[in-house]
Each structure stands twice: as C-alpha cells, then as structure tokens.
Amino acid sequence: MNKIEHIGIAVKDLDVSTPLFEKLFGSACYKTEEVASEGVKTAFFKTGPNKIELLEGISEDSPISKFIAKKGEGIHHIAFDVTDIEAEIKRLKAEGFVVLNETPKKGADNKWVAFLHPKGTNGVLIELCQERGE
Ligand code: ZN
C-alpha cells in the first residue's frame, strides 16, 4: 500500500457542506461527481498534498445514507493508493482480511476501488484505489 489517497467524509447535504469545506480550506471544490452505481454524490477538495472527498447518499438505501442514519455525519473511510489493486486484494485476503469487492469496481475520480470490511480493521472502513488510466 502506498500513501493515503484521500479521506472520505459522509455528509447529509453537499449543498451545505461544500461551501463549508471551501471556507475551511480556503480553496474551491475542484470536482463533483455522481457515482450512480454506489448511490452517492461526491465533492473533492485539495489541501496541500492531501485530498478530501465528501459523500452524500442519493437515496435512503445508499450505504452513505445508512451510515449517517446509524452513526451521524463524519469520517466514513480512509483510502489508500495501491499500484496493483488485484494483487493487493489477493494479498489482503490471504492475510485474513474481509474484502468486500473481490473484483475492483469503478469509483469516483477515475479510480478502481475495493473496500475492506471494517470489522477486520478496528472499525475503520478501508478503501483501496488505483488510478484507472484512460
Ligand atoms: Zn473514497
């Protein structure tokens, strides 16, 4: 695993949270994207070398809406950049981690992504992501 690629934060309403985080960082959101397959709308921010992703559920049964119903708004996942996501999935499975996506899926911001179940990682949802290329 390489560096932290981004930190994901679950929010109820991007229209409220986007201006709030723009004020916090002193810089504009550089990208918004809806990932219909995941039931989310996302907004991305850069602070120096770091990236923050805000996520809003687009329906009641979206994983983000369910997360907020259970735990409230807040940090949802930490994403790590990996060079070879399929090799990393294989490695982590062999180490006993519960991989939620055996086959990487298309995530926001041009990435292949896969998640690890938080029950195997001290309650922290871990996202693996690899740049998709063109
Ligand atoms: Zn993410």
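Which residues do ring pairs link into a cluster? Here are some notes on that and on a few other spots; keep in mind that this is a predicted model.

1. The aromatic cluster. Phe21, Phe25 and Phe45 are the residues that ring pairs link into a cluster. A search of the whole structure turns up four aromatic pairs. Take Phe21 and Phe45: their ring centres are 6.1 Å apart and their planes meet at 45°, so this pair is tilted. The two partners come from distant parts of the chain, with Phe21 in helix α1 (residues 14-25) and Phe45 in strand β3 (residues 40-47), 24 residues apart. Both are on the buried list: Phe21 has a relative accessible area of 13%, and Phe45 has 0%.

2. Helix α1. As for length, α1 has 12 residues and reaches 16 Å from its first C-alpha to its last, close to the 16 Å expected at 1.5 Å a residue.

3. Helix α3. Here is another helix to look at down its axis. In α3 (residues 85-94), the buried residues are Ile85, Glu88, Ile89 and Leu92. They fall within an arc of 100° when seen down the axis of α3, so they line one face of the helix. Glu86, Lys90 and Ala94 are exposed, on the face of α3 turned away from its buried side.

4. The zinc site. What coordinates the zinc ion? The donors are His6 and His77, each through NE2, plus Glu53 and Glu127, each through OE, at 2.1 to 2.2 Å. Angles among the four donor atoms run from 81 to 172°, and the site is irregular. Tetrahedral would require all angles to lie between 85 and 135 degrees. Along the chain, the donors follow the spacing H-x46-E-x23-H-x49-E. His6 lies in strand β1 (residues 4-10) and His77 in strand β5 (residues 74-81), so these two tie together parts that are 71 residues apart in sequence. Are the two histidines buried or exposed? Both His6 and His77 are buried.

5. Charges over rings. Two spots are worth a look. At one, the charged end of Lys46 sits over the ring of Tyr30, 4.2 Å from the ring centre. At the other, Arg132 lies over the face of Trp112, and the distance to the ring centre is 5.8 Å.

6. The loop between β6 and β7. Check the backbone here. Asp109 has a phi near 60°, a positive value in a residue other than glycine, and it is placed in the loop between β6 (105-107) and β7 (111-116). Asn110, in the loop between β6 and β7, has a positive phi of about 60° as well, although it is not a glycine. How accessible are these two? Asp109 counts as buried at 11% relative accessibility, whereas Asn110, at 25%, counts as partly exposed.

Key. Residues numbered from 1 in each chain as written. Predicted model: local features only at pLDDT ≥ 70, side-chain atom pairs only at ≥ 80, totals over all residues. Heavy atoms only, no water. Donors = N, O, S within 2.8 Å, 3.2 Å for Na, K, Ca; no water. Tetrahedral: all angles 85-135°; square planar, octahedral: opposite > 155°, others 65-115°. Helix = DSSP H or I, 4+ residues; strand = E, 2+ residues; numbered from the N terminus. Buried < 20%, exposed > 50% of the residue type's maximum accessible area, 1.4 Å probe, protein only. Phe/Tyr/Trp six-rings, centres within 6.5 Å; stacked < 30°, edge-to-face > 60°. Lys NZ or Arg CZ within 6 Å of the ring centre and 35° of its normal. Expected span 1.5 Å × (residues − 1). Arc of directions from axis to C-beta.
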